[in-house]
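Hello,

Here is the structure for you to look over. My notes follow below it.

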Amino acid sequence: MSGFERIHMSTIQAPDRHRVVVIGSGFGGLFGTKALRHSPVDITMLAKTTHHLFQPLLYQVATGILSEGEIAPPTREVLASQDNAQVLLGEVTGIDLEQRLVTSQVLGRETVTPYDSLIVAAGAKQSYFGNDRFSEHAPGMKSIDDALELRGRIFGAFEMAELGANRGDNVDHLLTFVVVGAGPTGVEMVGQIAELAHRTLKRDFRAINTRSARVILLDAAPQVLPPFGQKLGEKAKAELEKLGVEVILGAIVTDVDERGIEMKFKDGRLERINTVTKIWAAGVQASSLGQVLAEQTGAPLDRAGRIGVNPDLTLPGHPEVFVVGDMIALDNLPGVAQVAIQGAKYAAKEIDNRLEGKAPQEPFKYFDKGSMAIISRFNAVAMVGKLRLTGVIAWLMWLAVHLVYITGFKNRVTAVLHWFISFLGRGRSERTTTEQQIFARAALARLGRGATDLVSAPGEYDAARDDQERQRREELEKHALEESRLTDSGSRGVPQDQR
Ligand SMILES: Cc1cc2nc3c(=O)[nH]c(=O)nc-3n(C[C@H](O)[C@H](O)[C@H](O)COP(=O)(O)OP(=O)(O)OC[C@H]3O[C@@H](n4cnc5c(N)ncnc54)[C@H](O)[C@@H]3O)c2cc1C
């Protein structure tokens, strides 16, 4: 870290109030911070992005229905009126439970933030089940960058197919789209790609027939949407097939490269699909901060890297540290937004209770409000308690729930407008793609330290500028001297050999 800036937040924080540090600006981080808005605490939210991301709608950004701003408002703006909260950009790289310090970094700048209470809500990232090399050609869907890259790849594949078809090439691999993972994300994604090919784009191209595109959903599991139970899973599969989606089950992905995907069936049969566009929606791995916490507490980690917490969501031996959301392994809780929201509110309440000298709460209990997945326009499956819903009713329910949870009034209004355009009409309002969307991730991965390699440290920058400025000044002074000498000696306009 030599030459890099290091800020110690204790030197700029008021020391007299209880300090709460919240890691993450996702569902857990944001709802935990908001739940503390009336508490006598100073909150510092540390997150590696400047926005709060509504992940359930990422697939709509990827398929051109919504803009990224509609599902990812700036956290700073969301919390602008909450005076006891400040937001700091940075990726948390270290947590010192003994000293109660959190270290975060952004572009080589390091910040150390002390806390009295800590809420860790760093979520999960995509898992390729030990085959991280697949990610180069099969992006996941966990971030705005992922969704925009996928948007570029999906619409770009149709463009390349049109070009190829004009040259008389075989473009089947460009018109084949494979989504790996038949959970809610995969189902929603594949449904939207099918609608794009069969409805939205059908009149936009001349050399290709977008309706001939192959849209494939692939999973190792024997059914679609396992958490929804067998009946809804079968219903969802049938509806996808009606949309023209090929559903391949019981197939494990064994290889992914630029031009295709290879899979193996239970009977040992290997099959390859030639496809340029592969989308990975198959697994999650909890944030590596789980490992950081496990090493210091001895708390167990499960196979997905989720950390075992006490029934009150605290870490063993550290009642001042709460872990919530996708990072925790407790009572087989699912990785869904409501687990994060309810857990974060529980942690906030516990911090409040302690400050007020109240008794601890009962152990955390998750209230399941239900699950839903959209298949296509006006068609969804939903599970609420014992109720199983399908079709338009489930779709209307999906619409209502998502409107309630999208952050910000402005975003709700524009999202409704875009849904009208896409679901009642044929259009997609957000089809803009750029070369950088598609290739920047791969380019950054080729740099040793990613974007950090492209920015100088503050000290280095100033030194380099001073040096450049001195050289330039010397050049200009020399030039001015020569100019005035030429004028004074009457040498201007006189050929060299006659001087
Ligand atoms: C595509 C997709 C669709 C989904 N659909 C649904 C759905 O329909 N319904 C549902 O209930 N759930 C859905 N989920 C799951 C749901 O989004 C998660 O369960 C929920 O976001 C978990 O909340 P969290 O706060 O634990 O993590 P997240 O919301 O993921 O937030 C994690 C935060 O931590 C930040 N962070 C991570 N690491 C660091 C670090 N080292 N330093 C600083 N900050 C860090 C991230 O930037 C982010 O702000 C979906 C998820 C995905 C990916």
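A crossing counts as left-handed if the near helix is turned anticlockwise from the far one by less than a right angle, and as right-handed if clockwise. Helices (H or I, at least four residues) and strands (E, at least two) are DSSP runs, numbered from the N terminus.

This is a predicted model: local features need pLDDT of at least 70, side-chain atom pairs count only at pLDDT 80 or more, and totals for chains, interfaces and linings use all residues. Residues are numbered from 1 along each chain as its sequence is written.

Helix pair. The crossing of α5 and α12 is left-handed. The contact (C-beta atoms, placed from the backbone, within 7 Å) involves Asp 145, Leu 148, Glu 149, Arg 151, Gly 152, Arg 153 and Gly 156 of α5. From α12 come Gln 437, Ile 438 and Arg 441.

Domains. The protein chain splits into domain 1 (5-48 + 90-127 + 285-355) and domain 2 (132-281 + 375-445). Those bounds come from an automatic or database domain assignment. The domain centres, taken over C-alpha atoms, are 33 Å apart.

Ligand. Its shell draws residues from both domain 1 and domain 2, so the ligand lies between them. 32 residues surround the ligand (C-beta atom, placed from the backbone, within 6 Å). The closest are Gly 24, Gly 26, Gly 28, Gly 123 and Gly 325. At least two shell residues each come from α1 (27-35), β3 (41-47), β5 (91-96), α6 (184-200) and α9 (337-355).

Best wishes

Notes: Two residues are in contact if their C-beta atoms, placed from the backbone, lie within 7 Å.
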